[in-house]
Amino acid sequence: MGWGYRKSIKFGPFRIDLSPRGVGQSFGTRRFHLARTPDGRKYVTVSLPGGFHVSKTIGGRSRYHRH
């Protein structure tokens, strides 16, 4: 198990996360939000009742390259 540190600053529906890896941003509500990680990945998360959630990376590089 690893340990980490993150400091969050909230401005209404906006949140800025400060961590050793950099600065991340997110926007949204408790059930739906969009986020960008410190390394530039973008994802959307939908939270469902009962503690379930679904996350999907958006706009990333393709795993397979055409030649």
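User: What makes β2 and β3 a pair of strands?

Analyst: Two strands pair if DSSP finds at least two bridges between them, and here 6 bridges join β2 to β3 (residues 22-28). So they pair by that rule, and the two run antiparallel. One of the bridges has F14 with its partner F27 in β3. The two strands also form a hairpin, with 2 residues between them.

Before we go on, a word on the source: this is a predicted model, where local features need pLDDT of at least 70, side-chain atom pairs count only at pLDDT 80 or more, and totals for chains, interfaces and linings use all residues. Residues are numbered from 1 along each chain as its sequence is written, and side-chain values use heavy atoms, with hydrogens and water left out.

User: How do you know how many helices and strands the chain has?

Analyst: Helices (H or I, at least four residues) and strands (E, at least two) are DSSP runs, numbered from the N terminus. By that count the chain has 0 helices and 6 strands.

User: What joins β1 to β2?

Analyst: Strand β1 (residues 7-11) and strand β2 (residues 14-19) are joined by 5 bridges and run antiparallel. In that pairing, I9 has I16 of β2 as its bridge partner. Their hairpin has 2 residues between the strands, and G12 there takes a positive phi near 65 degrees.

User: Why is G24 called buried?

Analyst: Buried means under 20% relative accessible area, exposed over 50%, and partly exposed in between (1.4 Å probe, protein chains only). G24 has 3% relative accessibility, so it counts as buried. This residue is found in β3. G24 touches R15, I16, D17, R36, T37 and P38, leaving out residues up to four places away in sequence; contact means heavy atoms within 4.5 Å. G24 and T37 are 13 residues apart in sequence, yet 4.6 Å apart in space, C-alpha to C-alpha.

User: And why does T45 count as buried?

Analyst: T45 comes in at 6% relative accessibility, so it counts as buried. You'll find T45 in strand β5 (residues 42-48). Neighbours within four places in sequence aside, T45 is in contact with R31, F32, H33, H53, V54 and S55.

User: What makes the link between T45 and S55 a polar contact?

Analyst: A polar contact is a pair of N or O atoms within 3.5 Å; within protein, one must be able to donate a hydrogen and the other to accept it, and residues adjacent in sequence count only if both atoms are side-chain atoms. The side chains of T45 and S55 are joined at 3.0 Å.

User: How much of the chain is buried?

Analyst: Buried residues make up 12% of the 67 residues.
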